[in-house]
Amino acid sequence: MKKTQISACIALLLAGAAAPALADDEVLTIHGFGNQDYWRSGTTSFSGSGPHGTWQNDDLGLIFRGTVNDKTHVYAQLQADATDPVQVLWMFVDYQVNDDLRVKAGKVKFPLGIYNEYVDTRGLQLSALTPLMYYDALDIVHDAYQGAGLDYTAALGTFGKVYLQGYFGNTPNSPAPYQAPAFTSPADVLEADTNDLHQWGYRVNWETPVDGLHLLASGYDTKTATTSLGGQTPNIVGNENLYIFSVDYTTEKLDVKSEYAHHHFPLLDDHPGLSSHAWYLQAGYHLGDWTPYARYDSVTADSAHGGDPSYYQHTFVVGIDRLLLDNLHVRVEDHLNHGYAMPVFDGDIAAGTGKVDWTLLAVQINYMF
Amino acid sequence: MNRRFLRTAAALAGLAALMIAGHAGAADFVIIVNKENSNPVDADYVGRAFRGDVKTWPSGEAISALALPEANPLRVAFDKEILGKAPNQTKAMWSALVFTGKAAPPKVVDSEANVVKTVAENKNAIGYVSAGAAGSSVKVVK
């Protein structure tokens with residue numbers, strides 16, 4: 001991270017620390033978080049890690065909430081990490097029509113799965129590293145959309161409650177093309193520029209009558225124009241789509257989550273496109289300030305090459321969380337990996353060059369206020 | 001030997017009585033609002049307000065909810081009885097709302113006296129204190 005970015009973030013964090021979280025009737029509320037990771041991998045490099053380890057994975061973020069009036073608020077998140085400058089991850093206006101209905105417009109974090117909206121706030125998660133399906137490199141879950149959306153809450157009586165979210169827009173970098181991570185095979189790597197034409201998405205979150213049990217379904221559909229690299233004329237218009245099914249069971253002691261995601265991305269000409277899927281099951285148990293946890297993670301980054309370890313990864317994670325101070329966590333976890341899709345898709349190694357079985361040690365300190 | 005046993009048993013019984021009394025006392029909270037607040041309030045409405053499900057009084061003004069610190073026995077009792085959650089669950093729930101841009105959590109006030117003071121001064125505030133701490137400057141609604 002550049003010094004100027006660090007300075008800016010520290011100044012922002014200090015400003016935030018000096019302005020503690022305020023009540024709803026206050027004009028401005030500031031919250032924030034910081035994560036510092038140490039990663040060391042055995043034989044396969046991943047996100048800068050290697051046998052000597054790396055401290056390069058860190059994040060600093062601030063969440064602002066401004067009150068315009070009793071019903072209207074403005075939200076924004078600023079963030080910087082080791083590789084990107086300070087940026088506005090999302091910023092939107094929220095209008096409360098009534099207790100059950102809200103509308104929002106601007107750049108809004110995708111309501112996808114359990115974790116996407118606070119994927120950067122590690123203190124709200126069970127483990128140091130997020131489940132693999134949330135990694136940018138896999139390109140299953142994206143950051144934010146630009147457009148408008150609504151949130152609706154419906155009470156179902158004895159059947160619990162359901163939270164419905166819907167939105168329409170496109171991804172923030174449209175209409176400027178972005179580089180799609182389009183892999184098909186080690187010898188046939190296609191790269192494509194895409195423009196998101198428009199997009200709609202949803203999330204249904206059912207708070208079931210079973211205390212602590214939520215069932216979720218979410219997804220989006222994007223009309224995408226794909227061009228050859230450097231080309232100007234779209235030569236294919238296809239639909240990129242994603243759906244995720246999630247189960248979240250959280251009690252005072254127990255935290256169990258499981259999700260399945262399927263993503264399809266259209267490619268050039270008559271190519272069938274890139275399909276990927278991922279799932280995980282994780283569980284943790286709170287023992288006072290200690291929380292041991294475990295997770296099984298599986299990704300197939302290209303279903304057409306599901307038997308190639310360059311395109312799949314199965315990971316068993318075991319770790320422990322220690323709450324040192326209020327909102328200050330230290331975590332240590334070990335990843336036992338079979339396959340190396342994430343390093344390939346992250347650009348750390350070329351397809352076909354990884355070791356099938358490899359380990360990753362992650363140590364993390366995270367804080368939020 | 002028997003005398004030592006009886007002394008130990010008596011001490012344990014005393015400790016248990018203290019724990020029971022402490023527990024009973026911890027659950028003994030009342031919900032208070034400003035004296036000028038004439039909105040109908042029941043336990044369900046209070047729960048929805050402290051979960052962020054409702055943000056305004058029936059009269060349309062913004063609710064200003066006040067919470068005691070996480071370790072306060074009254075907070076533990078309130079979260080359990082009204083919200084049906086342990087304080088760590090409540091904290092996780094509010095953190096998720098805050099960090100996803102959905103709501104601001106109840107303002108944490110350091111003492112019962114300050115809850116009473118804030119509610120007495122703010123027409124839209126709501127909080128909880130022990131029955132003996134409420135006094136006459138606020139209205140007890142539960």
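This note sets out points on chain A and on the helices of chain B in a predicted model.

1. Chain A as a whole. The secondary structure of chain A consists of two helices and 17 strands. The chain has 369 residues, of which 51% count as buried. Among the contacts in chain A with a separation of 6 or more, 57% are between residues 24 or more positions apart.

2. Helices α2 and α3 of chain B. Helix α2 of chain B covers residues 43-51 and helix α3 of chain B covers residues 73-83; their axes come within 9 Å and cross at roughly 115 degrees. Because of this angle, α2(B) counts as roughly perpendicular to α3(B). The crossing in which α2(B) passes α3(B) is left-handed.

3. Residues between α2(B) and α3(B). From α2(B), the residues in contact are B:A43, B:V46, B:G47, B:F50 and B:R51, and they meet B:F78, B:I82 and B:L83 of α3(B). Sorted by class, this contact comprises six nonpolar, one polar and one charged residues.

4. Helices α2 and α4 of chain B. Helix α2(B) also packs with helix α4 of chain B (residues 87-99), at an angle of about 55 degrees and with the axes 10 Å apart. The two helices, α2(B) and α4(B), are therefore oblique to each other. On the side of α2(B), the contact is made by B:A49, B:F50 and B:R51; on the side of α4(B), by B:M93, B:W94 and B:L97. By class, the contact of α2(B) with α4(B) has five nonpolar residues, no polar residues and one charged residue.

5. Residues of α2(B) named in both contacts. B:F50 and B:R51 take part in the contact with α3(B), and B:F50 and B:R51 also take part in the contact with α4(B).

6. The buried side of α5(B). Helix α5 of chain B spans residues 112-121, and its buried residues are B:V115, B:V116 and B:V119. Viewed down the axis of α5(B), these buried residues fall within an arc of 95 degrees, so they line one face of the helix. In general, an α-helix has 3.6 residues a turn, so residues three or four places apart point the same way.

7. On the face of α5(B) turned away from the buried side, the exposed residues are B:A113 and B:E121.

Key:
Residues are numbered from 1 along each chain as its sequence is written. Chains are lettered from A and ligands numbered from 1 in the order in which they are written. This is a predicted model: local features need pLDDT of at least 70, side-chain atom pairs count only at pLDDT 80 or more; totals for chains, interfaces and linings use all residues. Side-chain values use heavy atoms; hydrogens and water are left out. Axes are lines fitted to C-alpha atoms, for helices over the stretch in contact, and angles run from 0 to 180 degrees between N-to-C directions. Helices (H or I, at least four residues) and strands (E, at least two) are DSSP runs, numbered from the N terminus. Angles under 35 degrees count as roughly parallel, over 145 as roughly antiparallel, 65 to 115 as roughly perpendicular and the rest as oblique. A crossing is left-handed if the near helix is turned anticlockwise from the far one by less than a right angle, and right-handed if clockwise. Contact means heavy atoms within 4.5 Å. Ala, Val, Leu, Ile, Met, Phe, Trp, Tyr, Cys and Pro count as nonpolar, Asp, Glu, Lys and Arg as charged, and the others, Gly among them, as polar. Buried means under 20% relative accessible area, exposed over 50%, partly exposed in between (1.4 Å probe, protein chains only). The arc is that of the directions from the helix axis to the C-beta atoms.
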